Amino acid sequence: MSDRKLVLASASPARLSLLRQAGLAPEVVVSDVDESAFPAPRVAEQVALLAAAKAAAVAKREDDALVIGADSLLEFAGKPLGKPVDAADARDRWRRMSGRSGVLHTGQALFDVRGGAVVSRDISVASTVVYFAEPTQPEIEAYLATGEPLAVAGAFTLDGLGAPFVRRVEGDPAAVVGLSLTLLRTQLAKRGLAITDLWRR
């Protein structure tokens with residue numbers, strides 16, 4: 001068992017829930033990074049940059065911790081889709097996504113902080129193909145009325161009311177929710193830690 005402190009540099013309830021379900025008990029420290037300041041030519045590169053920026057911002061405040069930064073964007077028709085700006089935007093997205101597919105990219109950064117300095121950085125991306133169902137217009141309107149699609153990248157999520165509107169995924173379902181636990185296990189292993197070492201007892 002390790003006594004290393006685990007910090008999640010994200011305000012996302014879904015990411016926190018995923019980590020808790022995996023037996024981990026991270027402290028949440030929100031990064032407050034300006035996401036518009038990190039453009040990139042490719043969506044996968046953009047989420048990697050954002051995840052690293054969030055982890056770096058929080059790592060500066062820590063003395064000894066493992067800091068996880070993450071960011072997700074849906075790549076649809078070659079363009080990145082974050083959270084919708086409003087219900088009209090979310091409605092338009094669902095009309096376009098219906099019956100089609102997109103790639104949900106989740107950037108994930110693990111920064112190892114010791115003695116107030118970052119001693120290692122692991123920045124990776126998990127990309128998952130998402131195949132959307134064809135919800136009826138009343139279903140779309142009912143979903144919009146819940147407010148859920150306004151709070152998540154791509155205007156959908158697998159861990160909530162939007163799950164019935166996703167036919168299947170190719171890749172890591174947890175990464176679609178916001179954090180790849182499989183990738184985190186690999187990132188920890190590079191630091192000589194088993195994910196089981198961080199299970200809360």
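Guide: The model is predicted. The protein exposes about 9300 Å², and carbon and sulfur atoms supply 52% of that area. Buried residues make up 51% of the 201 residues in the protein.

Because its relative accessible area is 3% and buried means under 20%, Phe111 counts as buried. Leaving aside residues up to four places away in sequence, Phe111 touches Ala52, Ala55, Ala56, Ala59, Ala65, Leu66, Val67, Val118, Ser120, Arg121 and Ile123. A further relation concerns Gln187: Phe111 and Gln187 are 76 residues apart in sequence, yet their C-alpha atoms are 9.6 Å apart in space.

The contacts of the whole protein may be set beside this. Of those with a separation of 6 or more, 71% are between residues 24 or more positions apart.

The secondary structure of the protein comes to six helices and seven strands. From the N terminus on, these elements run β-α-β-α-β-β-α-β-β-α-β-α-α.

As for overall dimensions, the C-alpha trace spans about 55 × 35 × 25 Å along its principal axes. The protein has a radius of gyration of 17 Å, which agrees with the value near 17 Å for a compact globule with 201 residues. Finally, the mean positions of the 24 positive and 24 negative charges are 2 Å apart.

Key
Residues are numbered from 1 along each chain as its sequence is written. This is a predicted model: local features need pLDDT of at least 70, side-chain atom pairs count only at pLDDT 80 or more; totals for chains, interfaces and linings use all residues. Side-chain values use heavy atoms; hydrogens and water are left out. Helices (H or I, at least four residues) and strands (E, at least two) are DSSP runs, numbered from the N terminus. The radius of gyration is taken over C-alpha atoms; the globule rule is 2.2 Å times the number of residues to the power 0.38. Buried means under 20% relative accessible area, exposed over 50%, partly exposed in between (1.4 Å probe, protein chains only). Contact means heavy atoms within 4.5 Å. Accessible areas come from the Shrake-Rupley method with a 1.4 Å probe; for residues, only the protein chains shown count as cover. Lys and Arg count as positive and Asp and Glu as negative; His and the chain ends are not counted. The place of a charge is taken as NZ of Lys, CZ of Arg, CG of Asp or CD of Glu.
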